[in-house]
Amino acid sequence: MMKLETYGYTETEPPPSGLLPGRVTELRRERFTVMTECGEVTAVLKGAFYHNAEMRADFPCVGDFVLLRFNESGDSLIVTLLPRRSKFSRSDYSGHGAGYVKTVLEQVVAANFDYVFILSSLNNDFNFSRIMRYLTQARQSGGQPVVILTKADIAPNYSLSLAEITQSIPDVPVHAISSHTGLGKNELDPYLKPGKTIVFLGMSGVGKSSLLNVLMEQEVMKVQEIRKVDSRGRHTTTHRQLFMLLSGAMVIDTPGMRELGLFDADEGIRAGFTDVEQRFSQCRFNDCRHQSEPDCAILTAIEDGSLKRERWNQYISQQQENSFVQDKSSYLINKRSRNNTTALSNRETKKKETRKNEYKT
Ligand SMILES: Nc1nc2c(ncn2[C@@H]2O[C@H](COP(=O)(O)OP(=O)(O)OP(=O)(O)O)[C@@H](O)[C@H]2O)c(=O)[nH]1
Ligand SMILES: [Zn+2]
């Protein structure tokens, strides 16, 4: 019989009689997959959850430990949510998908993790202040933050970024890795201990799926080729939400956790660029786009060297990131429709091929 300790269970008191402890490994609509010492079971929530819960935060999520009434011939019944030692939540104002709760305030998207891997790419998307903001989020979650700088293989001079971060946050471990070459992978071993749980926090495209694949030591997710324009990638999600690695450590990867990577508070960015923005008032046109307009203070400053071009480029990329963050919901919708379009065009191609073949015969 499997011991639930394998899944990070630390309760020493035996559960009330008739109840079986377990850990939620997957959640689809209102059906839960729960790992127990009697194996993996499917379960639903006891009605009292719907009647008594004030907020969605009181509902179990992936990573939660629960007590359930085991049912051999059908769905088991989750009766108790055990206290969480760490959690990530997001605000959910929509209320739908949870028709039973009218005022949805907080939705927990992952619970009971030990480490928060803050992923940031060492490519041209590298952004120090973003890492600091993730760090704040991670510290509030109750997990221990670990900064992972990804794609070290395409950043030959990454030691500078590495040193900058290490010096600013001496109390947080920082590792530079490459999922493609395996560089630095061994540095992660101390976190991959049996019973420990990890979550990933980071922008879309930083390499979360790729790292997960490396840790799984097999391809579980289709990593799609990066889109050149914005250094972001995307992937197709057809996988579990709590993974057991060969090492005995676990990784939680829920759609909600992925979205959290986009809920990247945007305040604090603009403050860092007053030297750039104060020039805007000196452009001839109020709506100057600083591209080719006459008497543009920015273009002039770049030309005479009083504003460094790199500084301006940094400003532009942060602005793009801002609109990306503010627009995260439409980003996600676009992402979905992009995927649909791909699926559609694949289908179209198939159809055409079939037709072609039909002509042939
Ligand atoms: N050169 C290099 N590219 C990498 C590395 N890791 C990931 N990539 C590339 O970066 C792109 C995005 O990687 P993913 O693993 O899909 O990123 P993600 O964070 O899961 O992205 P989302 O699913 O959108 O959240 C892909 O094209 C990967 O091949 C790495 O170590 N080196
Ligand atoms: Zn201008």
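Helices (H or I, at least four residues) and strands (E, at least two) are taken as DSSP runs and numbered from the N terminus. On that basis the protein chain, seen here in a predicted model, holds nine helices and 15 strands.

**The chain as a whole**
- The protein chain has 361 residues, of which 29% count as buried.
- When contacts between residues at least 6 apart in sequence are considered, 64% of them join residues that are at least 24 apart.

**The barrel**
- Five strands close into a barrel in the order β1-β2-β3-β5-β4, and their pairing is mixed.
- Neighbouring strands of this sheet are turned against each other by 55° on average, with direction ignored.
- In general, strands of a sheet pair through backbone hydrogen bonds, either parallel or antiparallel.

**Confidence of the prediction**
- The protein chain has a mean pLDDT of 79, with 73% of its residues reaching 70 or more.
- Among the elements of the chain, strand β4 (residues 65-69) has the highest mean pLDDT, at 97, whereas strand β13 (residues 235-236) has the lowest, at 37.
- Over residues 93-104 the pLDDT stays under 50, and the model has 13 contacts beyond four places in sequence for them.
- Residues 263-271 likewise stay under 50 in pLDDT, with 14 contacts beyond four places in sequence.
- For the complex, the predictor gives an ipTM of 0.95 and a pTM of 0.70.

Notes: Residues are numbered from 1 along each chain as its sequence is written. Chains are lettered from A and ligands numbered from 1 in the order in which they are written. This is a predicted model: local features need pLDDT of at least 70, side-chain atom pairs count only at pLDDT 80 or more; totals for chains, interfaces and linings use all residues. A residue is buried if 20 or more other C-beta atoms lie within 10 Å of its own, exposed if 12 or fewer, and partly exposed in between; C-beta atoms are placed from the backbone. Two residues are in contact if their C-beta atoms, placed from the backbone, lie within 7 Å. pLDDT is the predictor's confidence in each residue, from 0 to 100. Two strands pair if DSSP finds at least two bridges between them. Axes are lines fitted to C-alpha atoms, for helices over the stretch in contact, and angles run from 0 to 180 degrees between N-to-C directions.
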